[in-house]
There are 6 protein chains.
Amino acid sequence: MATVNLIEYADASAEVRAIYDDIRAFRKTDFINNFWRALANDPAQLRRTWEGIKAVMAPGALDPLTKELIYIAVSVANSCEYCIHSHTAAARAKGMTEEQFAELMAVIGMAHSTNALVTTMQVAVDDEYNRG
Amino acid sequence: MATVNLIEYADASAEVRAIYDDIRAFRKTDFINNFWRALANDPAQLRRTWEGIKAVMAPGALDPLTKELIYIAVSVANSCEYCIHSHTAAARAKGMTEEQFAELMAVIGMAHSTNALVTTMQVAVDDEYNRG
Amino acid sequence: MATVNLIEYADASAEVRAIYDDIRAFRKTDFINNFWRALANDPAQLRRTWEGIKAVMAPGALDPLTKELIYIAVSVANSCEYCIHSHTAAARAKGMTEEQFAELMAVIGMAHSTNALVTTMQVAVDDEYNRG
Amino acid sequence: MATVNLIEYADASAEVRAIYDDIRAFRKTDFINNFWRALANDPAQLRRTWEGIKAVMAPGALDPLTKELIYIAVSVANSCEYCIHSHTAAARAKGMTEEQFAELMAVIGMAHSTNALVTTMQVAVDDEYNRG
Amino acid sequence: MATVNLIEYADASAEVRAIYDDIRAFRKTDFINNFWRALANDPAQLRRTWEGIKAVMAPGALDPLTKELIYIAVSVANSCEYCIHSHTAAARAKGMTEEQFAELMAVIGMAHSTNALVTTMQVAVDDEYNRG
Amino acid sequence: MATVNLIEYADASAEVRAIYDDIRAFRKTDFINNFWRALANDPAQLRRTWEGIKAVMAPGALDPLTKELIYIAVSVANSCEYCIHSHTAAARAKGMTEEQFAELMAVIGMAHSTNALVTTMQVAVDDEYNRG
């Protein structure tokens, strides 16, 4: 059960429909996933988030698949079930192989483990890491 | 202040020295960072962690720099100051540009934001994400 | 599935029944939500938690609705599905409008984003924030 | 130590200076805190974040102080030292009394406690919380 | 829904079958829980994790039940539903009483509460805790 | 730097002094650590927390050292530097050996790793874990 209603295209305001149309055109699919339909309760939040996603996830110094892998890693750390599913699907749509997913998972597991070990030991940061 | 002592090479057992030697040879540097010197209080943990890191961070279906970016993302989510510094330094040593770091940061920020929005709205996972 | 059983009024000890009665009287409803019925496996924990909630959530320098909004923000950060649902329901019962919920969500999303940006950059705390 | 350099006004590009100027004018102070000076390494991120903050933290259905209290609660959950200091200072500047801060803290402590209790017991969400 | 398939014994490679056989022999049960069947998509990860678990959870300076209680506490902090269920079941199988579970839960709740209070107040570490 | 002042005995109210006296008598030491001196800004919170700690950390179905180990594990997951130091010191004062600390750390590291692996794979909870 959600804490907000999902806004269908037929029930949406002109402002929300315009963003739905942009999502569809940008992604070349009619499918609008639940995240956007839930966000649409606040059109300003919907617009801010969609514009942010478009800007941040665009190809740049990092390729779009690498960005999805990073997104999955953050979503796992935050225990966001929906986000793990949607970004794993997005990564596969962008060409993630099962070998890449297995290595992503191995890095995620290792990082959580060493993060916890470091935190338990309260290790001081080495001077060598200072960029100064 | 740390919760454990740091083990210097001169004070280390033969078992620990052998791992320190392997770290130095593998990384082609004499520098042993504090993480390993703290872990060395438990030689079995030191060996298990070092062998794990070598296996997981090796080039494979994902390149070593991509793995460091994922490591940074996890370390940020876990607020591990030491890990953020050591893996940002490692990423730079592996060629991370400032443009790549800026994009990594943008993805990390965006992911934390949408993770929190999804969690607040308790959005149901779309059937379309089912691999079945 | 839960890791503990839920204790129904009919099966409860006199000590637990007295707390259930107080919850009902205090909240002016017969409804006892699952949290309390689960906590009742440990009557001391049930009492400590209920007394704490009554003291902390009472009107004071902050009004009860503001306290519920803060409770939702913490529950989101902790990914506590049950808590998000129960405290969102409580906030609505205390008068939270959809506009307020949308603004709460916007602040939560923004805060998670800038928290992550700050943590990635390891920004030093400005001297100006020192109260000294 | 930070993982990025701080950009001073004197060294900033015209694009960054324009945002610094807007921050100063909007806040009616010459002080630019380290967060913005660190973000300025990526002018697009600086602009996106500042525009987001201005929109989200503006007076609306929730007053600015309530928004700061929510921001503090999220920052505590994320262990973001810098954010806790900067938003506690901002809350005090917006009139937060010590009584309000004490009650904020009490709610934060209670919420973390019951979040953890619920999660340990894996309590099912009551049907009564369904808005349907 | 999972993001990976579960590997059944009948469909598993010889390498995976050998690990499944070791899990069964070590635990004296035919039951292989879903975690291992999901991990088996990456035989190297399966082996590394199983060998790690065997080494870490073995009787030593801490008894196996104490280790399970610690595992539950971490899993709660990480909101890992599966892990909470599997390790609570494991703890009960190793003799955890309901009184012990209630006390575990009380400590978990208290620790989350005081962690959050300390973090809000940004209390400096007392010199007395320095081992130096 | 802290966000609140520390309350010294000489400056404390009679109510706060009485709690300080109880802490000293209960722990058989004059030392009052910073946590309590910071909490004393809100005498009700000070009392509620101290009474809770006394009740929860008392010997019971779990011994006091086991409770401290659990407290450390939670504090690590929450990245609470102060709490890690104070509870590691408390555990050592209650007899924790270096071997026990090493095993605690190994379990903490392993649990964070498998928590993250499970969460990435979104593994369904086995029916066998249902107590029903």
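Tutor: Happy to! Tyr82(C) is buried, because its relative accessible area is 3% (buried means under 20%, exposed over 50% and partly exposed in between, with a 1.4 Å probe and protein chains only). Before going on, please note that this is a predicted model, in which local features need pLDDT of at least 70, side-chain atom pairs count only at pLDDT 80 or more, and totals for chains, interfaces and linings use all residues. Residues are numbered from 1 along each chain as its sequence is written, chains are lettered from A and ligands numbered from 1 in the order in which they are written, and side-chain values use heavy atoms, with hydrogens and water left out.

Tyr82(C) belongs to helix H5 (residues 81–93) of chain C; helices here are DSSP runs (H or I, at least four residues), numbered from the N terminus. Asn34(C) lies 48 residues from Tyr82(C) along the chain, with 9.5 Å between their C-alpha atoms.

Let's cross to the chain D side. Asn115(D) sits in helix H6 (residues 98–121) of chain D, and it counts as buried because its relative accessibility is 2%. The residues that Asn115(D) touches include Tyr71(C), Val74(C), Ser75(C), Asn78(C), Cys80(C) and Cys83(C). With Ser75(C), the side chain of Asn115(D) also makes a polar contact of 3.2 Å (a pair of N or O atoms within 3.5 Å; within protein, one must be able to donate a hydrogen and the other to accept it, and residues adjacent in sequence count only if both atoms are side-chain atoms).

Ala77(D) gives another view of chains C and D. This residue is in helix H4 (residues 64–77) of chain D and is partly exposed, because its relative accessibility is 22%. Ala77(D) touches Ala77(C) and His112(D), again not counting residues up to four places away in sequence. His112(D) is 35 residues from Ala77(D) in sequence, yet their C-alpha atoms are 8.4 Å apart.

Chain A has its own H4, residues 64–77. Its 14 residues should span 20 Å at 1.5 Å a residue, and its end C-alpha atoms are 20 Å apart, so the two agree (the expected span is 1.5 Å times one less than the number of residues). Of those 14 residues, 12 are buried, so H4(A) is mostly covered. Among what covers the buried residues of H4(A) are H3, H5 and H6 of chain A, H4 and H6 of chain B, and H6 of chain F. Ser79(A), which follows H4(A), has a positive phi, near 55°.

One of the buried residues in H4(A) is Lys67(A), which forms a salt bridge with Glu103(B), the closest N and O atoms being 3.0 Å apart (a salt bridge is a side-chain nitrogen of Lys or Arg within 4 Å of a carboxyl oxygen of Asp or Glu). Across the interface of chain B and chain A there are two salt bridges, along with 30 residue pairs in polar contact, both residues at pLDDT 80 or more. On the side of chain B that touches chain A, H6(B) gives the most, with 18 residues. In this interface, 63 residues of chain B contact 63 residues of chain A. The area buried there is about 5700 Å², with carbon and sulfur atoms giving 71% (buried area is the accessible area, 1.4 Å probe, that two parts lose on being put together, summed over both). Val107(B), Met121(B) and Tyr129(B) supply 12% of the area that chain B buries against chain A, more than any other three residues.

To finish, look at salt bridges elsewhere: over all chains there are 36. In chain C, Arg92(C) pairs with Glu98(C) at 3.1 Å between the closest N and O atoms; Glu98(C) is partly exposed, because its relative accessible area is 37%. In chain E, Lys94(E) and Glu68(E) meet in a salt bridge at 2.8 Å, N to O. This pair links distant parts of the chain, 26 residues apart: Lys94(E) is in the loop between H5 and H6 of chain E, and Glu68(E) is in H4 of chain E. Lys94(E) is partly exposed, at 39% relative accessibility, whereas Glu68(E) is buried, at 5%.

Key:
Helix = DSSP H or I, 4+ residues; strand = E, 2+ residues; numbered from the N terminus. Contact = heavy atoms within 4.5 Å.
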